[in-house]
Amino acid sequence: MDALLKQVEAGHRLSHEEALGLAAEDDTARLMQTAAVLRDQGFRNVITFSKKVFIPLTHLCRDVCHYCTFAKPPKKGEQAYMTPDQVLEIARQGAAAGCKEALFTLGDKPELRYKAARDGLTELGYETTLDYLAAMAKLVYEETGLFPHLNPGLMTPEDFAMLRPLAPSMGIMLESAAPRLSEKGMPHYGSPDKHPKVRLECLRLAGEAQVPFTSGILIGIGETREERVESMLALRDIQNDHGHIQEIIIQNFRAKPDTKMKDAPEPDMNELQWTLAVARIVFGPEMSIQVPPNLSPGDLAPLVDAGINDWGGVSPITPDFVNPEAPWPHLDKLAAETAAAGKVLQERLTVYPAYAKDPERWLDEGMRTPIIQAIDAEGFARTEDWSPGAEIDPPQHTLDLVNAPNPEAIEPALQAIIDRGVAGERLNESEIVRLFQARGPEFTAVCHAADKLRHDTVGDTVSYVVNRNINYTNVCYFKCQFCAFSKGKLTENLRGKPYVLGMDEIQRRVQEAWSRGATEVCMQGGIHPSYTGQTYIDITKAVKEVAPDIHVHAFTPLEVWQGAETLGISIRDFLIQLKEAGMGTLPGTAAEILDDEIREIICHDKINTAQWLEVMETAHSLGIRTTSTVMYGHVESPINWARHLLNLRDLQAKTGGFTEFVPLPFVHMEAPIYLKGLARKGPTFREAVLMHAVARLALNPLITNIQASWVKMGPDGVTACLNAGCNDLGGTLMNETITRSAGASHGQEMEPYRMEEIIRANGRNPRQRSTPYGEVSEERTRQSFQAAPLEDIRFTPAKEYERA
C-alpha cells in the first residue's frame, strides 16, 4: 500500500480495483499523509468557505429518512412554506452581513405526499414546490444580490432548464450508492428519492445541463467502508463524464433525539479522518473536499490534516437547520483555527473558482456578469469595496499583512521560488504564478522579500519626475475594450466629446509645464484616422521649438507602428526621424497584457505581442530607452501576468533598454468591457500590491525601478507598494485624462511637496529625477516647488467625429 500511495502522490490515478483496496487499509495516519500532499498540490495553503444564509423554504418532505430532523410532517395551524416576506427578511439580513450565498434547502416534492403542501402551494399561487423555489430564488437574487444555491432533491431535465438561469449552483447529496440502505430496517427505507439509482441519475442530468453541482456522502448510517469507496467511485465516474461536480462533501452522521437512529453510534474522529483521506486519494488534487466544521466542534486541525480544502457554507445569520444542535463557528474563530492548522481561510462564492472562471460553459447568460464582477483573478470571492481609482480606503486586512512581521517559515517550495528571484534567476511561468497566489503569511513573505530586494538594489531613495501629460487627441479608430478615454464614431466609447489639440495649445501647455519646473512632457493619444507619422514628428518639433531642454517622452508602440505604416517606412527609420525631431524616450503603454490570448479579447485590432516587442527592441537598438507597463485586473489570470513579465524580462536581458516597470491596474468604472459585463472590477488590493512585489522578484536584476501609479492606487495604495518593492512614484502629471476618463478620482496633479510628504512619511528619501533616472538641476527643482496654479486647459472640439 505504501508504494501505491507514493505513486498517487506522484500523479497516479487509482483504478476502481485499487481504490476499493483502500477499504482494507487501517493506517489512517498513512492515508492522511498522502491526502495532505494531494490537497497541497491542488489548493496550496488555502481553505475556502462560502458566507451564506440558510433559507429552509419548507420542512415538508415525502421521504422519511430515519436520521433526519429537518423534514417534519405538517401540523395544523403551521404554514407549509415560508412566505416571500419571510424569505426576503432572511436574505436581507444576510446581504447586510456581507453574505454572498442564499442556500435554499427543502424537502423533496412534499406535494406528492401531503395535502397541506398542495394547499400551501395553491394559496401561494404555484403548482409545484420547484415552481415556488424558482420564484423565491429569483426574488432573492433581484432584491438582495445573493447568489442562490438550490438543494431541492431530485430534478428532471425540465427542472434544470427552469432553475439554471436563477442559480449559479445546485446540489444533491448522494449519501450512499449502496441499495442495501433502502431495504427494510435501513435508514432510507420508505424514502423513494434516496435510492442511489435515482440520485445518480439526477447527478448525471445535472452534468448534461452543465450545472456546477455539489454532492457527497453521509457516513455512519450503517454503510461499510467498502460501500463508502463504491459511493465515491460512482461520483467519480459521473465527474469523469461531465466535470460538473465542484465539491465532495463528507458529512458525518449525528444522532438526533426523536429519530429512529437516536441511539445509533456516531463515527469518531478516526473514522471521519479515514473517510476524508480516502476521498482525497480517490478524487485527486483537483477536487474540493469539504467537511462541515460545525459537525466536529473543537480542534479543526485534524480535519485539515486529513486533506480537506473547504469548510462549506458558514452563516453569521442563520442556524444549520439540518443539524440545529450544531451551531456554526464564528468566522473569526474559524479563521483562527484554520490558521492554527497552517492554512489561510479564503471566502469563495457558491460557484467554485474553476467554474466561475469559465462562465461561458458553466453559467447561464444572466448569471455570468454578476459572477465575473464578484470574483478576483483566481475566481475567489471579491471581499472588498476597493477598486483602482476609487476614493475608497484599501482593506485594512491587506494593509496589515503588508506591514506584518516576516513569517518565520512558509512552504519550502514557495520559499525556494522567492530565493531564486532574489538571486536574480529567471523564474518560469508556474513559479511566477505561485508567487501571485500568495495569501496570508505567504503574501507577507513575498512583500518582505520584494522590499528587502528593493533596499539592497536601489536603497531607500524614492524617485519621481515633474512632468506634464499631454493627450493631444481622444479621437481613435481602434476599439480597445478597456479604454474609456477614446471618443468618436469609430470607438467603443459613447461618453464625452471628441477633441483635437492644436499645435498652439500643445505648445502653450509645454511652456506652462516648463515654467512650473517640469523636466518632461509625456505625450500620447488616440490613433486619429487622419494622423500620420508626420503628425507625430510635427508634434515633437513643436514641443522642442518652445522648450528645447524639456524631455519628450512620447508615442506608444502602437503610435510608432501606425506612424511608420502611414509613411510607408520601417519602424527603425521612423524612430530615427522621431529621435532627430527631439523625442527622447518611449512610454511602454499599449502593452496591456503581452499575451495574445488576452489581447484578442481586450484589443483585437491593436498590435500584437510580437509587434509591441519589436518596436521596443528596435528603439533600444537605437539607444532610445523606454518604460514598460502592464494593465491588469480585467479578464486575465495570473498565468497571463507571468507570461507578460517573462516577455519583458527576456527582452531586457537582450537589450537593457527598459528604464522601469509600471503596473497600471485596470480602472473599471467607465470601461466598455466592464459596462458590457465582461470584466472584473480591476484587481483586488492584494493583487495590486502583489503585482509590484512579484515584478521586483521576477524582473530582478534586469529592471531595477518599480513604479507605483498614484492616480490608480491612491496615496494609501502607493504607500503599501513602497513597502512591497517599489522605489518610484512616477510623474506629478499636471493633467491626467486617460485614467480619469475611466472613472478614477485621485486628482490630476500630485505636486512635488505632496509627493515628498508621502515618501518621507514612509521613512524614505525623496529625489526628483529625470525621465531616464538621471539627476535634475537645482533650478528645475526650485521652480517645481514654486509653481503657479495651472491655467484652464483648452480643447478644440472634433465635431466631425461626434456621434449624433
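In this predicted model, helix 3 (28-43), strand 1, helix 9 (225-242), strand 6 (245-252), helix 13 (353-356) and helix 26 (638-655) each put at least two residues into the lining of the second largest pocket. That pocket holds about 650 Å³. Its lining runs to 29 residues, and Gly 42, Phe 43, Glu 286, Pro 353 and Ala 354 sit closest to its centre. Sorted by class, the lining of the second largest pocket comes out at 14 nonpolar, 9 polar and 6 charged residues.

Now for the largest pocket, with about 1,100 Å³ of space. Here 39 residues make up the lining, and those nearest the centre are Val 344, Leu 345, Gln 346, His 397 and Gly 440. Two or more lining residues come from each of strand 1 (46-58), helix 12 (331-340), strand 9 (344-348), helix 16 (396-403) and helix 19 (441-458).

Helix 4 (residues 84-96) packs with helix 6 (residues 129-144) at an angle of about 40°, and their axes are 10 Å apart. The two helices are therefore oblique to each other, and their crossing is right-handed. On the helix 4 side, Pro 84, Val 87, Leu 88, Ala 91, Arg 92 and Ala 95 take part, meeting Tyr 132, Met 136, Leu 139, Val 140, Glu 143 and Thr 144 of helix 6. By class, this contact has 9 nonpolar, 1 polar and 2 charged residues.

Key: Residues are numbered from 1 along each chain as its sequence is written. This is a predicted model: local features need pLDDT of at least 70, side-chain atom pairs count only at pLDDT 80 or more; totals for chains, interfaces and linings use all residues. Side-chain values use heavy atoms; hydrogens and water are left out. On a 1 Å grid over the protein atoms alone, a cavity is a set of points where a 1.4 Å probe fits but cannot get out, and a pocket is an open set with protein on both sides within 12 Å along at least five of seven lines; lining residues have an atom within 4 Å of a point. Grid points are joined across faces, edges and corners, and a volume is the space filled by probe spheres set on the points. Helices (H or I, at least four residues) and strands (E, at least two) are DSSP runs, numbered from the N terminus. Ala, Val, Leu, Ile, Met, Phe, Trp, Tyr, Cys and Pro count as nonpolar, Asp, Glu, Lys and Arg as charged, and the others, Gly among them, as polar. Axes are lines fitted to C-alpha atoms, for helices over the stretch in contact, and angles run from 0 to 180 degrees between N-to-C directions. Angles under 35 degrees count as roughly parallel, over 145 as roughly antiparallel, 65 to 115 as roughly perpendicular and the rest as oblique. A crossing is left-handed if the near helix is turned anticlockwise from the far one by less than a right angle, and right-handed if clockwise. Contact means heavy atoms within 4.5 Å.
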